[in-house]
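I began with the ligand and then turned to the strands.

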Amino acid sequence: MSNLLFEYMKDYLVNMLFIILPILFSQSIISKEHTAFETNKQKFFLAIIFSGTSILCMSFPFELGDTILDLRLIPFVIGMLYGGVRVGLTIIFSSLTFRFFLGGIGFYLSVVEYVIIFLLIYFVIKNNYRTQTLWKKIITVSIVTVIPTLILLPFAYHVVGSIVVVKVAILLTIISFFSLWCSIYLMESTIEKVHMIIQLHKFEKETIVSHLAASVSHEVRNPLTVTKGFLQLLKEKYKDTEDRYYFDLALEELQTAESIISDYLTYAKPSMENQEPLNIFEEMQRSINVIRSYAQMHNVDINVAGEDISYRGDKEKIRQLFINIFKNCIEAMPDGGTLTVSMFCDQKIEITIKDTGVGMTESQLLRIGEPFFSTKENGTGLGMMVAFSVIKSMGGTYKVLSKEAEGTSFHISLPLTSKM
Ligand code: ADP
Ligand code: MG
């Protein structure tokens with residue numbers, strides 16, 4: 001008996017090795033820019049290695065009495081969950097082709113099984129699988145894998161006509177569950193580790209930028225201001241339209257440089273230095289007025305809702321916070337859209353800023369706020385970094401939600417100093 005058990009264990013471990021290997025390999029294709037297996041290259045890689053695994057699992061099945069079992073469904077489930085629909089279809093196609101050449105009635109059962117699981121996983125992916133907690137993921141996927149067994153069991157019982165089928169099904173379910181849990185756990189911890197490394201890099205970068213900002217920005221701002229003043233004086237002297245055009249260009253560029261410098265300065269010293277009593281809703285409306293023409297240029301409608309809330313803080317920094325976020329939202333809607341802004345006060349000041357723009361991928365979302373992270377041609381990658389550091393210095397918290405092609409929403413929550 002114990003010999004037999006060892007035989008089973010050996011076969012099972014071989015199968016587990018096939019499943020674990022691609023998960024370990026997939027670590028190497030996660031990059032800083034693409035942590036979510038979203039590029040075609042990554043998907044192609046996943047499709048190939050998980051198809052290979054699936055075929056290996058079928059080639060080395062384990063035999064229980066006269067029933068042949070294998071874990072081919074696990075690579076399919078994991079591959080499709082993390083790679084998406086196309087990866088899933090590729091794995092199904094290659095596995096079923098291979099299964100077809102093995103022959104037997106099992107092929108048709110396999111087709112039904114794959115179709116059911118494919119539909120179930122499709123449903124799971126569409127319901128934001130990736131953002132769920134580990135436990136929820138494990139439970140959801142366990143349910144998904146047990147359903148086809150439950151559906152097919154009566155049928156198999158009818159064909160074989162013996163209670164052995166039920167025993168085998170129970171055993172297979174237990175083994176599958178265990179293997180699946182291990183796989184998901186491994187995959188998740190692999191992704192988590194990469195995320196941790198990214199956070200670490202981000203933190204190091206932030207430290208450097210903050211040192212740089214503190215030492216250089218102030219020295220640069222003064223000469224800029226002086227130059228701007230003199231240019232304005234000179235512009236008054238020159239009446240020629242062409243000359244004036246050049247002065248305007250020069251002043252505009254200086255303005256850009258100044259706004260970048262002020263981003264750096266705010267980042268270096270996000271603390272609220274010039275605290276004064278103000279109405280934070282009014283400040284938000286002022287910021288909206290500043291960017292209104294920019295919004296019109298982009299065909300963006302702005303909806304504002306809120307109530308007056310008295311607050312103590314640094315006007316300049318609060319405006320900078322709002323303007324940086326608004327600007328990004330507008331820039332995310334090149335073909336027009338709606339910017340919805342609301343501010344309400346409960347126990348805290350709750351601010352929501354929402355656009356109907358291009359949205360972000362999962363990896364972009366992970367990197368937002370990182371110094372110099374920008375997807376725009378002329379982007380500086382400072383706006384969000386500054387905005388978030390202002391929120392932190394106000395003792396607040398923020399959350400960014402985004403969906404590609406649907407839009408992005410910023411949820412900011414600030415502690416209340418005093419209510420009107
Ligand atoms: P910049 O605007 O100069 O690119 P930011 O720090 O303001 O730098 O933004 C960093 C990046 O975050 C942007 O390049 C963009 O990819 C992304 N992003 C920020 N806000 C949004 C938004 N509302 N919608 C989509 N992407 C956004
Ligand atoms: Mg920006």
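**Ligand 1 and its surroundings**

I looked up the polar contacts (pairs of N or O atoms within 3.5 Å) and found an oxygen atom of ligand 1 at 2.7 Å from a side-chain N or O atom of lysine 376. The protein covers 94% of the 540 Å² of accessible area (Shrake-Rupley method, 1.4 Å probe) that ligand 1 has on its own. The model is predicted, with local features needing pLDDT of at least 70, side-chain atom pairs pLDDT 80 or more, and totals for chains, interfaces and linings using all residues. Residues are numbered from 1 along each chain as written, chains are lettered from A and ligands numbered from 1 in written order, and side-chain values use heavy atoms, without hydrogens or water.

I then noted an oxygen atom of ligand 1 at 2.5 Å from a side-chain N or O atom of serine 374, and one at 2.4 Å from such an atom of threonine 375. I counted 20 residues around ligand 1 (a heavy atom within 4 Å), with Asn328 and Thr380 among the closest.

**Strand S7**

I recorded six bridges from S6 to S7, which run antiparallel (pairing requires at least two DSSP bridges). S7 and S9 are also antiparallel, over seven bridges.

Key
A polar contact is a pair of N or O atoms within 3.5 Å; within protein, one must be able to donate a hydrogen and the other to accept it, and residues adjacent in sequence count only if both atoms are side-chain atoms. Helices (H or I, at least four residues) and strands (E, at least two) are DSSP runs, numbered from the N terminus.
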